[in-house]
Amino acid sequence: GARFILIKRYDSSSEWYVWDSERGIVAGNDPYLLINSSAAEVTNTDYVDPLNAGFTVTSSASSTVNVSSGTYIFLAIA
């Protein structure tokens, strides 16, 4: 599965979201950072889940990470 995930919505104003295996990418709450912000790490959301061949964005993710009409750029490293 993915050990590093970077996601940004680019058809609308959005932050750069980062998850990594040091903070934990698990089925459940996954800590993330907003790399273009000085905000603290967020630890109480479940926006991504690991898969054997990568990751999936959960249906509970915000529209800045997952909406059917949105356009996103992402980088995932195993």
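This is a predicted model: local features need pLDDT of at least 70, side-chain atom pairs count only at pLDDT 80 or more; totals for chains, interfaces and linings use all residues.
Strand β1, residues 4-9, pairs with β6 over 6 bridges, in the antiparallel sense. Within that part of the sheet, Arg9 stands opposite Tyr72 in β6. Please keep Arg9 in mind; I will come back to it.

Next, the aromatic residues. A pair of aromatic rings is described by the distance of the centres and the angle of the planes. The count for this model comes to 6 aromatic pairs. One of them is Tyr17 with Tyr32, at 5.1 Å centre to centre and with 50° between the planes, and this pair is tilted. It links distant parts of the chain: Tyr17 is in strand β2 (residues 17-20), while Tyr32 is in the loop between β2 and β3 (33-34), and the two are 15 residues apart. Are Tyr17 and Tyr32 buried or exposed? Both are buried. Tyr17 and Tyr32 also belong to one aromatic cluster, together with Trp19 and Tyr47.

Now to the loop between β3 and β4, with two threonines to look at. Thr43 is found in this loop, and β4 spans 48-51. Thr45 has its place in the loop between β3 and β4 as well.

What is the relative accessible area of Thr45? The value is 13%, so Thr45 counts as buried, the cut-off being under 20%. For Thr43 the relative accessible area is 46%, and therefore Thr43 counts as partly exposed.

Which residues does Thr43 contact, leaving aside its neighbours within four places in sequence? They are Asn29 and Pro31. With such neighbours again left aside, Thr45 is in contact with Gly28, Asn29, Asp30 and Tyr32.

Finally, back to Arg9, the residue opposite Tyr72. Arg9 and Thr43 are 34 residues apart along the chain, and their C-alpha atoms are separated by 21 Å.

Methods:
Residues are numbered from 1 along each chain as its sequence is written. Side-chain values use heavy atoms; hydrogens and water are left out. Rings of Phe, Tyr and Trp (its six-membered ring) pair if their centres lie within 6.5 Å; planes under 30 degrees apart count as stacked, over 60 as edge-to-face and the rest as tilted. Helices (H or I, at least four residues) and strands (E, at least two) are DSSP runs, numbered from the N terminus. Buried means under 20% relative accessible area, exposed over 50%, partly exposed in between (1.4 Å probe, protein chains only). Contact means heavy atoms within 4.5 Å. Two strands pair if DSSP finds at least two bridges between them.
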